[in-house]
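Me: I have a structure to share with you, and I would like to go through it in questions and answers. Shall we start with the whole and then move to single residues?

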Amino acid sequence: MKFSWDKPPLAMAVTGDDHFLRRRWLQHTTLGAYQAGYEVVHVGSDGEVIDALSMGTTFGQPMLIRVGGKEVAYETVEAHMADNLKSRVCIVMDVDGSADEKKHPAVALVKKKHLFTYSTPARKQDQEARARKFLTMEAHRLTSNQDALSADLARAMVNALGTDLGVLSYEIGKVTALVRSRRGGQIEVADVTSLVRGKTGT
């Protein structure tokens, strides 16, 4: 996600049926807003969005407004984007699944670069490939070693645990914690087999 909290987009949206990645995006965005001094408001209706917008724009309070994609009116987001170009108030819309033009009309106002979609691939082999890539990237992020997890070990973990990214995130977190505790940077077969549920024979 490439934007500055000094001048954030006035509206963003996250969509898709991958609940884990969607939640993670929302968590990272919310944390970034907190760290930048924003007030984060969770609302559940268009009226509450309007109240939050009024408070943020009137008092100049940087604000992130989180709302379900079908809970906010097209007109509310349209007016905010037209009238508050210099404000630091950002509406973030969350959509479970695909954004539907009738159910989530306001999402259509979001610029493409501020629309984030996380969907589960339809084909099994694509799900497995994505899961292996996710494990490799998580191992890199958690150990600061780009080669922490070998391709064979990533494949073995996916074969044993499946392709649910939430499960894989939990398990690779345990494994990398063990590796860091011994001040290592490379994940070994023994690290995985000692902690991970299922069979990880390579």
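Residues are numbered from 1 along each chain as its sequence is written, and side-chain values use heavy atoms, with hydrogens and water left out. This is a predicted model, in which local features need pLDDT of at least 70 and side-chain atom pairs count only at pLDDT 80 or more, while totals for chains, interfaces and linings use all residues.

Me: Happy to begin! Which pattern does the protein chain follow along the sequence?
Reply: Helices (H or I, at least four residues) and strands (E, at least two) are taken here as DSSP runs, numbered from the N terminus. The chain has 7 helices and 5 strands. Read along the sequence, they give β-α-β-α-β-α-β-β-α-α-α-α.

Me: What percentage of the residues in the protein chain count as buried?
Reply: Buried means under 20% relative accessible area, exposed over 50%, and partly exposed in between (1.4 Å probe, protein chains only). The C-alpha atoms fill a box of roughly 60 × 35 × 25 Å along the principal axes. Of the 202 residues of the chain, the buried share is 42%.

Me: What share of the contacts with a separation of 6 or more comes from residues 24 or more positions apart?
Reply: A contact here means heavy atoms within 4.5 Å. Among the contacts in the chain with a separation of 6 or more, residues 24 or more positions apart account for 71%.

Me: Nice. Which residues have the most contacts inside the largest nonpolar core?
Reply: A nonpolar core is a set of buried Ala, Val, Leu, Ile, Met, Phe, Trp, Tyr and Cys residues joined through side-chain atoms within 4.5 Å. The largest one has 21 residues. Helix 1 (19-35), helix 4 (124-143), helix 5 (151-161) and helix 6 (165-181) each give two or more residues to this core. Those with the most contacts inside it are Leu 149, Met 157 and Ile 187.

Me: And how many residues are in the other core, which lies apart from it?
Reply: Among the members of that core are Ala 13, Ala 52, Met 63 and Met 93. Its residue count is 20.

Me: Which element gives the largest share of the lining of the largest pocket?
Reply: A pocket is found on a 1 Å grid over the protein atoms alone, as an open set of points where a 1.4 Å probe fits, with protein on both sides within 12 Å along at least five of seven lines; lining residues have an atom within 4 Å of a point. This pocket is lined by 13 residues, with Leu 21, Arg 24, Tyr 118, Phe 134 and Met 137 nearest its centre. Helix 1 and helix 4 each supply at least two lining residues. The largest share, 6 residues, comes from helix 4.

Me: Is Val 67 buried or exposed?
Reply: Val 67 belongs to strand 3 (residues 63-68). Leaving out residues up to four places away in sequence, Val 67 touches Val 43, Val 49, Val 72, Ile 91, Val 92, Met 93 and Asp 94. At 3% relative accessibility, Val 67 counts as buried.

Me: Is Lys 86 buried or exposed?
Reply: Lys 86 sits in the loop between helix 3 (74-83) and strand 4 (89-96). Its relative accessibility is 84%, so Lys 86 counts as exposed.

Me: Is Asp 191 buried or exposed?
Reply: Asp 191 is placed in helix 7. Beyond its neighbours within four places in sequence, Asp 191 is in contact with Val 175, Leu 178, Val 179, Arg 182 and Gln 186. With a relative accessibility of 7%, Asp 191 counts as buried.

Me: One last one: what is the phi of Ser 144?
Reply: Ser 144 lies in the loop between helix 4 and helix 5. Ser 144 is exposed, with a relative accessible area of 68%. Although Ser 144 is not a glycine, its phi is positive, at about 65 degrees.
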